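This briefing goes through one protein model, topic by topic. Please keep the sequence and the 3D view open while reading.

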Amino acid sequence: MTDSSATLTPKPWISGIAPYVPGKSAGADGRPLIKLSANENPLGTGVKAREAFAAAQGAPDALSRYPDPGSVELRETIAAKFGLDPARIICGNGSDELLHLAAGTYAGAGDEILYVRYGFAVYEIAARRVGAVPVEADDRDFATDVDALLAAVTDRTRVVYLANPNNPTGTLATRDEVQRLYAGLPKNVLFVIDQAYSEYLSEAEDDGGLELAKTQPNVFITRTFSKIHGLAAERIGWGYAHADVISALHRIRLPFNVTRAGQAAAVAALGDDDFVNGSREHNAKWRAWLAQELEGLGNHGVRVIPSACNFLLVLFEGDVSAETVYTRLMDAGYIVRWLPGQGIPQALRMTIGTEEETRGLAAAIRGALAG
């Protein structure tokens, strides 16, 4: 006999999830603001990608036919670009889907998923979603502490996430640090290196993760077209790992997870080196400029964390709090990311915008500190 008084309740680990909060684009009153909260490319999208996207949308069957479920042309283009085996590439609805697939494939109730403190917010959600225990290792002044991560590994650890460069801190673990971390992990642990911002790195800053994924059986690299390629609206990510890992991930991957137009735009974006190089150069120039401007405000308790990404993490440790600056910036027409939900209430993460936006943001911050 059934109990008619019973109520429907989610699993306890689902109730423990704090939903992901995206960067805002408007103030509390709904007024549009200059959006520097989501790390989008301020230069937009390259011409080649926009033209390919428009052409795909213009096809007579653009809406009536499913996209290629295997993203074959996109995988082959990625493989040719980076010297990879296309059969070992998986595409996703942004790299977020791939991060969730890693947890769902290799961890479950009672297992542990490990990441550095102040790591990407999705890692905790991905862990809790499958009933695993999220484990944070101590940071080293907002950067990855390899020794702390290795010390946190137990016989229940199943997945280790490393965002490199890291979001929201912008810090970069070196090639030697990544190698040392991998060398210290058990072979039954999946090492996920989240390289969403890798295209912003110089050649000398490359962490060697893709080379590890080519040769090691338990390394999974994830990348995205949302950042430097300017395709955030289409949600396109890709990953690379050993064939056995990719085969397992495909078992729970959603079918038709990348749109037709998105696949076409991503293929074209990979052939637009001029746009990518220009975006990287713009970011390096104005990130350095903004960091220098803000470092000059040290007498106000402002500290800038060195960044390898297209944003800066800025600490406000003086008389004027990060929350106050955040509110005053909105009054001035700018929205950045305040981070109390990630345990950094004294920090704002601010995307590098256009020259005009970046200069305006610096002036607005000075004004906010002056009251």
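Where does Pro-168 lie? Pro-168 is found in the loop between strand 5 and helix 7. The model is a predicted one.

- Asn-167 and Pro-168 are joined by a cis peptide bond, with omega at about 25°.
- Another cis peptide bond runs from Asn-164 to Pro-165, and its omega is near 0°.
- Pro-165 also has its place in the loop between strand 5 and helix 7, and this helix covers residues 175-183.

- In general, the strands of a sheet pair through backbone hydrogen bonds, and the pairing is either parallel or antiparallel.
- Strand 2 and strand 8 (residues 236-240) run antiparallel and are joined by 5 bridges.
- Within this pair, Ile-90 stands opposite Gly-239 of strand 8.
- Strand 3 (residues 112-116) and strand 4 run parallel, and they too are joined by 5 bridges.
- Here Tyr-115 has Glu-136 in strand 4 as its bridge partner.
- Of the 5 residues of strand 2 (residues 89-93), 4 are buried, so strand 2 is largely enclosed by the rest of the structure.

**Helices on the sheet**

**Helix 4 and helix 5**

- The axes of helix 4 and helix 5 are 9 Å apart, and the two helices pack at an angle of about 40°.
- This angle makes helix 4 oblique to helix 5.
- The crossing of helix 4 and helix 5 is right-handed.
- On the side of helix 4, the contact involves Asp-96, Leu-99, His-100 and Ala-103.
- On the side of helix 5, these residues meet Val-122, Tyr-123, Ile-125, Ala-126 and Arg-129.
- Sorted by class, the contact of helix 4 with helix 5 has 6 nonpolar, 1 polar and 2 charged residues.

**Helix 4 and helix 9**

- Helix 4 (residues 94-106) and helix 9 (residues 243-250) have axes that come within 9 Å and cross at roughly 95°.
- Helix 4 and helix 9 are therefore roughly perpendicular to each other, because angles of 65 to 115 degrees count as roughly perpendicular.
- Leu-101, Ala-102, Thr-105 and Tyr-106 are the residues of helix 4 in this contact.
- Their counterparts in helix 9 are Asp-244, Val-245, Ala-248 and Leu-249.
- The residues of the contact of helix 4 with helix 9 divide into 6 nonpolar, 1 polar and 1 charged.

**Glu-124**

- Glu-124 is a residue of helix 5.
- Is Glu-124 buried or partly exposed? Glu-124 has a relative accessible area of 32% and is partly exposed.
- Leaving out residues up to four places away in sequence, Glu-124 touches Tyr-115 and Pro-134.
- From C-alpha to C-alpha, Glu-124 and Gly-367 are 36 Å apart in space, and they are 243 residues apart in sequence.

**Two residues with positive phi**

- Tyr-118 is not a glycine, yet it has a positive phi of about 65°.
- Tyr-118 lies in the loop between strand 3 and helix 5.
- With a relative accessible area of 8%, Tyr-118 is buried, because buried means under 20%.
- Phe-142 is not a glycine either, and it has a positive phi of about 75°.
- Phe-142 lies in the loop between strand 4 and helix 6 (146-152).
- Phe-142 is buried, and its relative accessible area is 7%.

How values were computed
Residues numbered from 1 in each chain as written. Predicted model: local features only at pLDDT ≥ 70, side-chain atom pairs only at ≥ 80, totals over all residues. Heavy atoms only, no water. Axes fitted to C-alpha atoms, helices over the stretch in contact; angles between N-to-C directions. Parallel < 35°, antiparallel > 145°, perpendicular 65-115°, else oblique. Contact = heavy atoms within 4.5 Å. Nonpolar A, V, L, I, M, F, W, Y, C, P; charged D, E, K, R; others polar. Buried < 20%, exposed > 50% of the residue type's maximum accessible area, 1.4 Å probe, protein only. Pairing = 2+ DSSP bridges. Left-handed = near helix turned anticlockwise from the far one by under 90°.
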